[in-house]
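Here is a short report on one protein model. Look over the sequence and the fold, then read on.

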Amino acid sequence: MLICIVCVFSILFSTCYGEIEYIKPIEKWPTVGISVLVRNKAYSLPYFLSSLLQLDYPKDRIFLWIYSDYNTDNSEDILKEWTARHESEYRHIFFKSNTTDSMHIDQETPTHWSQQRYKHVIALREKALRFARDMWTDYLFMLDADVILTEPLTLKYLINKEYPIAAPMLISDGVYSNFWCGMDEYYYYKRTEDYQPILRYKKVGCFDVPMVHSAVLINLNYKKSDLLTYQPKNIRNYNGPEDDIIAFAISATKNGIPMYICNDHVYGFVPVPLEKDSNHLEDFEEMLNVKMEILGRALHVPLEKDVEKYVKYPKPGKLKCDDIFMINLERRKERRLLMEASFKELGLNVTLFKAIDGKKMSDEDMLHYNIKLLPNYEDPYHKRPMKAGEIGCFLSHYEIWKKIMENNYETTLILEDDIHFVPFFRQKFLRMLDEIKDIEWDLVYIGRKILLDSEESQVTQHTTRPMYSYWTLGYLLRLSGARKLLEADPLAKLLPVDEYLPIMFDEHPAHEWAKHFPVRNLKALSAAPLLVHPTHYTGEKGYISDTEDSVVVYDKEKPRTDL
């Protein structure tokens, strides 16, 4: 068996909140058994196996225990090929499969958690626990096959904490995660006020909780760990349900073994479990939601070349639009790559529009566009004139409006490059389009900053009549809307584009500005709820504003008063 090369130096890593985490020097990392149960996970295995391979931990200190169980998709083919390819890299890979049936006799559907299925999974979990103990591994990482770990240092971080049981908090597309903060008298989930602050990173650290699952690291060197079990009959006076994760949690609690959930890093992601009557097509949609959640947090979905062939992407289309434009500054390559990955996952055929960079604009460029700044314009929040970045942003949208006119596009979707798509984006977008097909409109926001939410009136089930709003994250524009926006001659009295649009649908509170645009008849709607959100908000780590991070521009014809 191979021995890990000695790790000599201490390592410092940043947490997701900018603090420094110290990883103490370890001459030889502990051995870790990783247990994986796989049942019809072909939709997630390419990402799961890629994230497993990308873990920054010496592979010759890892034992893999993989059980392929009741699979009717090609999960087993993926596992066989992957284990054959990577077997020599790990300390050992134990792979076993069960192909006798597709369902237990008391299962009503493949996603139904019947009594027999629980008993079967309990037995397998217990077998994995026994395997790790028999192999004298220092730790056992119980890992579900639809978990995507995006933090390569997950194992090192958790081991460094030296807890008896530790779990990395996993993010889903909703409020589901891999921990509970409360358990009722029947040992089921109990809602508490402690859950959301941990889930939303309002409280950051490691927290003692009554339940962890899906990704659980067990310290087998901890003396009491011998008392841990997934088997209810092994627990004295057990009166809970026949459930593997509940039995494990109770065995820990009864023996005084604390369980911790840690959210000090963005460790990984997990799909929301399917309901009893769900079909496996919904598995694909849930995994798509998880991938969009990863990309929306400016992370890349782990996918190694050798398993990429098992991933199927939707056929690219334009969502019933004539074209879809994405505005991107050439120097923001990382944003472009993340957005292109999102478009590939969603099946969107998008035209890249190279944004006009306000930082590079010269006086000659201003003259070329015949730009005149709106008299007496002052940013409502920062109390300053326009910035160069805001001029570049406006011109980028302006040029697309011109393209719509030149190409006679009836319906166009315009997107900026720092957006996060909501779960089930395609379905919700097409549903909204269907709802408004008989309504007269020029512009529909799909992403914006709502300033007067409670006062907006409903138009259809999923659209409202927008009032004063900020941001131009994403919007639909008809040919009629582009014509109205251009005919108002905005470059002759320029102000930021997210101020201009509310003026044009006559909902801007600054009447002094609005009077410069006498024809304000843009018919605007908004998706409700919104379909895209910013990837980062002001003040968050990773937030970049190419408009704010630029110089103030003064009208050359107007004397400055700040000198």
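Which residues does E416 touch, not counting residues up to four places away in sequence?

## Around E416

E416 touches M326, I327, M339, C393, H397, T472 and L473. Touching, or contact, means heavy atoms within 4.5 Å. E416 lies in strand 18, residues 411-416. Strands are DSSP runs of E, at least two residues, and helices are runs of H or I, at least four, both numbered from the N terminus.

E416 is buried yet has no salt bridge. Buried means under 20% relative accessible area, with a 1.4 Å probe and protein chains only. A salt bridge needs a side-chain nitrogen of Lys or Arg within 4 Å of a carboxyl oxygen of Asp or Glu. The nearest side chain of opposite charge is R335, 7.4 Å away.

## Helix 9

The buried residues of helix 9 include R335 and M339. G347 follows the helix, with a positive phi near 75°.

## The whole protein

The protein has 15 helices and 25 strands. Of its 563 residues, 56% are buried.

## About the model

This is a predicted model: local features need pLDDT of at least 70, side-chain atom pairs count only at pLDDT 80 or more, and totals for chains, interfaces and linings use all residues. Residues are numbered from 1 along each chain as its sequence is written, and side-chain values use heavy atoms, leaving out hydrogens and water.

Methods. Buried means under 20% relative accessible area, exposed over 50%, partly exposed in between (1.4 Å probe, protein chains only). Lys and Arg count as positive and Asp and Glu as negative; His and the chain ends are not counted.
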